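Biologist: Got the file open. Can you walk me through the packing and the charges?
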Amino acid sequence: MNRFSNDDIAAVYKVIAERRDIRHFLPDPIEPELLARLLHAAHLAPSVGFMQPWRFIRISDPALRISIYRMVEQERINTAHALHEREDEFMRLKVEGVRECGELLVVALMDRREEHVFGRRTLPEMDLASVACAIQNIWLAARAEGIGMGWVSLFDPQQLALLLGMPAGAKPIAILCLGHVEAFYPKPMLELEGWAARQKLQDMVYENTWRNQDESHGEAE
């Protein structure tokens with residue numbers, strides 16, 4: 001029988017529901033065996049054409065970590081300016097995980113991706129979708145292990161690629177903060193902070209054709 005047990009199924013849905021984007025970490029290091037398990041979970045992710053485009057760079061040099069933090073902080077300021085009326089609100093959202101987390105990883109797209117055509121001839125961005133699946137695998141496995149993870153995208157990819165000595169064609173996609181936490185947020189942090197609210201699923205599920213927005217707005221609540 002292919003179906004997992006009820007307990008196993010419930011655990012899958014539980015970890016999905018309780019996954020959080022974490023910004024606050026304890027200073028305790030992550031055990032090497034645990035980090036290896038999380039990376040292995042990422043490497044089991046599906047990829048279009050089985051191209052496996054993900055590359056992981058573990059940041060173990062403290063000076064390099066500080067350089068990455070400064071890059072993130074500068075982009076945080078630039079993003080705040082771009083948000084105009086929400087600038088002050090955005091600046092209250094701290095991004096200290098890069099300095100505080102037990103492990104810092106940079107996830108990148110590999111170089112020479114143009115050689116992989118299977119599944120990408122009309123949708124070349126499927127390499128990025130595949131890397132996103134690998135990141136989600138880490139996220140869910142980390143939550144199951146009681147480890148917090150934050151996905152940081154506030155950086156200039158060209159600057160980060162240069163800092164990390166990436167070859168031409170490779171591209172950093174995410175900075176991942178991994179570490180032990182005192183507690184997981186009861187809801188997504190941006191929801192708790194009033195930045196945004198989760199939208200209704202029924203507003204995002206269409207049937208056969210794209211739902212007309214005017215019609216959907218006129219429906220009864």
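Modeller: Contact here means heavy atoms within 4.5 Å. Before we start, this is a predicted model: local features need pLDDT of at least 70, side-chain atom pairs count only at pLDDT 80 or more, and totals for chains, interfaces and linings use all residues. Residues are numbered from 1 along each chain as its sequence is written, and side-chain values use heavy atoms, with hydrogens and water left out.

Biologist: Which residues is valine 98 in contact with, leaving aside neighbours within four places in sequence?
Modeller: Valine 98 meets Arg65, Ile68, Tyr69, Val72, Leu104, Val152 and Cys177.

Biologist: And how many residues has the largest nonpolar core?
Modeller: It has 26 residues. A nonpolar core is a set of buried Ala, Val, Leu, Ile, Met, Phe, Trp, Tyr and Cys residues joined through side-chain atoms within 4.5 Å. Buried means under 20% relative accessible area, exposed over 50%, partly exposed in between (1.4 Å probe, protein chains only). Ile68, Val98, Leu104, Val106, Leu160 and Ile175 have the most contacts inside this core.

Biologist: Which elements each supply at least two residues of this core?
Modeller: α3 (62-82), β2 (103-109), α7 (157-163) and β4 (171-180). The largest share, 5 residues, comes from α3. Helices (H or I, at least four residues) and strands (E, at least two) are DSSP runs, numbered from the N terminus. Another core, of 22 residues, lies apart from this one and includes Ile30, Ala134, Ile138 and Ile147.

Biologist: Leucine 35, buried or exposed?
Modeller: Buried, because its relative accessibility is 8%. Leucine 35 is in helix α2 (residues 32-43). Beyond its neighbours within four places in sequence, leucine 35 contacts Ile30, Arg58, Glu103, Leu105 and Leu178.

Biologist: Switching to rings. How many aromatic pairs?
Modeller: The count is 2. Rings of Phe, Tyr and Trp (its six-membered ring) pair if their centres lie within 6.5 Å; planes under 30 degrees apart count as stacked, over 60 as edge-to-face and the rest as tilted. Tryptophan 139 and tryptophan 151 have ring centres 5.9 Å apart and planes at 55°, so that pair is tilted. This pair links distant parts of the chain, with tryptophan 139 in helix α6 and tryptophan 151 in strand β3 (residues 147-152), 12 residues apart. Tryptophan 139 is buried at 9%, and tryptophan 151 is partly exposed at 25%.

Biologist: What about tyrosine 206 and tryptophan 210, how are their rings set?
Modeller: Their centres are 4.9 Å apart and their planes at 75°, so the pair is edge-to-face. Tyrosine 206 is partly exposed at 28%; tryptophan 210 is exposed at 69%.

Biologist: Which charged end sits over the ring of tryptophan 139?
Modeller: That of arginine 19, 4.3 Å from the ring centre. The rule is NZ of Lys or CZ of Arg within 6 Å of the ring centre and within 35 degrees of the ring normal. Likewise, the charged end of arginine 99 sits over the ring of tyrosine 69, 4.4 Å from its centre.

Biologist: And how many salt bridges?
Modeller: There are 9, each a side-chain nitrogen of Lys or Arg within 4 Å of a carboxyl oxygen of Asp or Glu.

Biologist: Which residues form salt bridges with aspartate 127?
Modeller: Arginine 113, with the closest N and O atoms 2.6 Å apart, and arginine 120, at 3.1 Å. Aspartate 127 is buried at 5%, arginine 113 at 16% and arginine 120 at 10%. Elsewhere, salt bridges with shared partners join Lys14, Glu18 and Arg143 into one network.
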